[in-house]
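Below are my notes on the side-chain arrangement in this model. Please read them with the structure open.

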Amino acid sequence: MIHDIFEEFAGSLAPMSALIGLDLGEKTIGVAVSDRMRGVASPLETVRRKKFTLDSARLLEIIADREIGGILLGLPKNMDGSEGPRCQSTRAFARNLSRLTEVPIGFWDERLSTVAAEKALLEADTTRKRRGQVIDHVAAGYILQGALDRMRFL
């Protein structure tokens, strides 16, 4: 089931289940996972996008292996809060994925997550090549951590 309202998504989650956070890009999907206590988000991997069936198969494999209880997609809103074509694409991905799994799906406003990830990688003196390899799943970690932090106050 897809939840547009974050509080409803959080309320639909089974206790003690990990979450997966996804940063959907045109060419890649950044993947991060939480612990079962939902305290810490850890960047996991970057999936190179090919076609939906292959992309979703890899994501469903991670979801099964890690016993994930909720899927959180970064929603790339415009800076003024409006939704453009990238949001529509993310919502379409969520609809397609929801046909393949019963795991609840929610959204988190991802504005500036990639900027924050890039800043952290620069501060860690990461090479340009390495930043390019890890930026997407580090951004997914920022998205997921923001949601986890918010859940503590619900």
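Is Arg58 buried, partly exposed or exposed? Arg58 counts as partly exposed, at 26% relative accessibility (buried means under 20% relative accessible area, exposed over 50%, partly exposed in between, with a 1.4 Å probe and protein chains only).

This is a predicted model, in which local features need pLDDT of at least 70, side-chain atom pairs count only at pLDDT 80 or more, and totals for chains, interfaces and linings use all residues. Residues are numbered from 1 along each chain as its sequence is written, and side-chain values use heavy atoms, with hydrogens and water left out.

1. Salt bridges of Arg58. Arg58 meets Glu45 in a salt bridge at 2.6 Å, N to O (a side-chain nitrogen of Lys or Arg within 4 Å of a carboxyl oxygen of Asp or Glu). Glu45 lies in strand S4 and Arg58 in helix H2 (residues 52–65), so the pair ties together parts 13 residues apart in sequence (helices, H or I of at least four residues, and strands, E of at least two, are DSSP runs numbered from the N terminus). Arg58 also forms a salt bridge with Glu61, at 3.3 Å, N to O. Arg58 and Glu61 are three residues apart in helix H2, which means about one helical turn between them. Glu61 is partly exposed at 42%.

2. Other salt bridges. The structure holds nine salt bridges. In one of them, Glu110 pairs with Arg86, the closest N and O atoms being 3.9 Å apart. Glu110 is buried, with a relative accessible area of 8%, whereas Arg86 is partly exposed at 48%. Asp4, Glu83 and Arg91 are linked in a salt-bridge network.

3. Arg38. This residue sits in the loop between strand S3 (28–34) and strand S4 (41–48). Arg38 is buried yet has no salt bridge, and the nearest side chain of opposite charge, Asp35, is 8.3 Å away (Lys and Arg count as positive, Asp and Glu as negative; His and the chain ends are not counted). The Arg38 side chain does reach the backbone oxygen of Ala14, at 2.4 Å.

4. Aromatic rings. Three aromatic pairs are found in the whole structure (ring centres of Phe, Tyr and Trp, the last by its six-membered ring, within 6.5 Å; planes under 30 degrees apart are stacked, over 60 edge-to-face, the rest tilted). The centres of Phe6 and Phe9 are 6.2 Å apart with planes at 40°, so this pair is tilted. Both residues are buried, Phe6 at 9% and Phe9 at 0%. Phe6, Phe9 and Trp108 form one aromatic cluster.

Methods:
Polar contact = N/O pair within 3.5 Å; in protein donor to acceptor, adjacent residues only side chain to side chain.
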